[in-house]
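Please look through the structure below.

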Protein chains: 2
Amino acid sequence: MSGSDVLAARFDHWQGAGFDPARCPVRDVLDHIGDKWTTLILIVLAEKARRFSEMHRAVPDISKRMLTQTLRNLERDGMVTRHVFPTKPPSVEYRLSPLGLSVMSPLAELIEWAESRHAEIQQARARFDAAMSQSQAVLQIETVVR
Amino acid sequence: MSGSDVLAARFDHWQGAGFDPARCPVRDVLDHIGDKWTTLILIVLAEKARRFSEMHRAVPDISKRMLTQTLRNLERDGMVTRHVFPTKPPSVEYRLSPLGLSVMSPLAELIEWAESRHAEIQQARARFDAAMSQSQAVLQIETVVR
DNA sequence: GATGACAGGTCTATAATAGAAACCATTCAA
DNA sequence: TTGAATGGTTTCTATTATAGACCTGTCATC
């Protein structure tokens, strides 16, 4: 409730500015954070610096390709730094930058919200799906009768 | 920093539980919020209840299909309610539910973070891209020399 | 009475993206 | 000599997003 009005005003401002997506932080920044894997990777890195394969083991169902891509994007955005050590075979360590660390606090609040409302959301989904299959069934009958 | 440790512990817990994606709120809930349009739609609805075409005008570069889909998902998750009025032609109004309203506060913090760090992120991107085109150029030369 | 505008969508065809699996170069151990 | 581990890249396919045409219905305009 407190945030809504501030956001609404801000939105009007963006909209007034011709609505250039590049000037809208929501779209330019949060699109990445909303990526399928980015939040998870940030959480994993928040615990401690990690190596590539270590992260792959921590999040088993990400493909290497997606892991690479997610890390590259985070690196490009300055949220993560990449350090190569000349061991044999070479090892690569990723860690959160100060910028990356700074997103964890707002992100943590959102995650806590998600966790506390998870059951409620799942119930809403079940209700919606039940109502849908109801009306679907009605449509079926109507089609048959027709 | 404060959020990191809490999150790390929580992550360990999820991971211990066999890592079922359906039991991980981050993946089950935030994936939706991270959708390309969902956050924007939430912001638009935070200002006031709106009709379909009104939203389409507010966010001109969303397609009707995506607007429909985004709204359906939000409705399914119980974040938005849909009200049909028997005017001619019928009008449909969408509004935030209490649940939808409750996400605005953590979301607002994240958006504020995005706004305050936007410039920093854009600079990081520019640096990264410059460094990349550098090394790309080097690769080109090496290839030519070879 | 044909034409267009608005409402709130759906349908289809194409473009962009994600994902699985194979591959690669290097090094060490068995 | 085969196998495993390192940190990826490449290729091919499956999924998803998007644009744009279309639809049903009512009203106003010409």
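1. R50(A) and E54(A) join through their side chains in a salt bridge, N to O 4.0 Å. A salt bridge here is a side-chain nitrogen of Lys or Arg within 4 Å of a carboxyl oxygen of Asp or Glu. R50(A) is buried at 8% relative accessible area, whereas E54(A) is partly exposed at 22%. Buried means under 20% relative accessible area, exposed over 50%, and partly exposed in between (1.4 Å probe, protein chains only).

2. Some ground rules. This is a predicted model: local features need pLDDT of at least 70 and side-chain atom pairs pLDDT 80 or more, while totals for chains, interfaces and linings use all residues. Residues are numbered from 1 along each chain as its sequence is written, chains are lettered from A and ligands numbered from 1 in the order written, and side-chain values use heavy atoms, leaving out hydrogens and water.

3. E47(A), K48(A), R50(A) and E54(A) form a network of salt bridges. Over all chains, the whole structure holds 17 salt bridges.

4. Which residue of chain B pairs with D61(A) in a salt bridge? The partner is R27(B), with the closest N and O atoms 2.9 Å apart. This pair crosses between chains, from the loop between α4 and α5 of chain A to helix α2 (residues 25-33) of chain B. Helices (H or I, at least four residues) and strands (E, at least two) are DSSP runs, numbered from the N terminus. D61(A) is partly exposed at 40% relative accessibility; R27(B) is buried at 11%.

5. R76(A) and D129(B) also form a salt bridge, closest N and O atoms 2.4 Å apart. The pair runs from helix α5 of chain A to helix α6 (residues 98-145) of chain B. R76(A) is partly exposed at 23%, and D129(B) is partly exposed at 34%.

6. Now the DNA. There are 22 residues around DNA strand D, and S53(A), R82(A), Y94(A), K36(B) and R65(B) come nearest. Near means a heavy atom within 4 Å. The largest share of this surface, 4 residues, comes from α5(A).

7. The side chain of R72(A) places an N or O atom 3.2 Å from a phosphate oxygen of DNA strand D. For R65(A), a polar side-chain atom lies 3.4 Å from a base oxygen of DNA strand D.

How values were computed: A polar contact is a pair of N or O atoms within 3.5 Å; within protein, one must be able to donate a hydrogen and the other to accept it, and residues adjacent in sequence count only if both atoms are side-chain atoms.
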